[in-house]
Amino acid sequence: MQSDVDAWLARALAAHRGHYADPAAREAAAGLLHPPVLAHAALLAALTQLVAGVDVDQLPFAARLATADSEAAGELAAFLTRALTPGSRA
């Protein structure tokens, strides 16, 4: 059941849904949620920028990556975010 809750939290955080629609709640989440959930959310957010129309619920593999190695998933999310940000160096 914990993995279901973690996945729901990550999807809500990445999509800015529900409680996480509030920017202050998203910022506070960084100190409250454990690393795999944060890495999962960051990876989902970055991946949704790659393909127009993709939804966080269409990316179930991101949870497995974040659970297997949350540090690497977080680094991949940061890399993708930099790559997608004009003027930044990936």
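Good morning. A salt bridge, as the term is used here, is a side-chain nitrogen of Lys or Arg within 4 Å of a carboxyl oxygen of Asp or Glu. The structure before you is a predicted model, and it holds 3 salt bridges.

Let me begin with Asp-57 and Arg-11. Their side chains meet in a salt bridge, with 2.8 Å from N to O. Asp-57 sits in the loop between helix H3 (35–48) and helix H4 (61–68), while Arg-11 belongs to helix H1 (residues 2–15), so this pair ties together parts that are 46 residues apart in sequence. Asp-57 is partly exposed, at 44% relative accessibility. Arg-11 is also partly exposed, at 25%.

I turn now to Asp-55 and Arg-17. The closest N and O atoms of this salt bridge are 3.5 Å apart. Asp-55 lies in the loop between H3 and H4, and Arg-17 in the loop between H1 and helix H2 (23–32); the pair therefore ties together parts that are 38 residues apart in sequence. With a relative accessible area of 32%, Asp-55 is partly exposed, and Arg-17 falls into that class at 35%.

Which residue does Arg-17 meet in a salt bridge at 3.6 Å, N to O? The partner is Asp-57. Because Arg-17 is in the H1–H2 loop and Asp-57 in the H3–H4 loop, this contact ties together parts that are 40 residues apart in sequence.

To conclude, these salt bridges share partners, and they join Arg-11, Arg-17, Asp-55 and Asp-57 into one network. Thank you.

Key. Residues numbered from 1 in each chain as written. Predicted model: local features only at pLDDT ≥ 70, side-chain atom pairs only at ≥ 80, totals over all residues. Heavy atoms only, no water. Helix = DSSP H or I, 4+ residues; strand = E, 2+ residues; numbered from the N terminus. Buried < 20%, exposed > 50% of the residue type's maximum accessible area, 1.4 Å probe, protein only.
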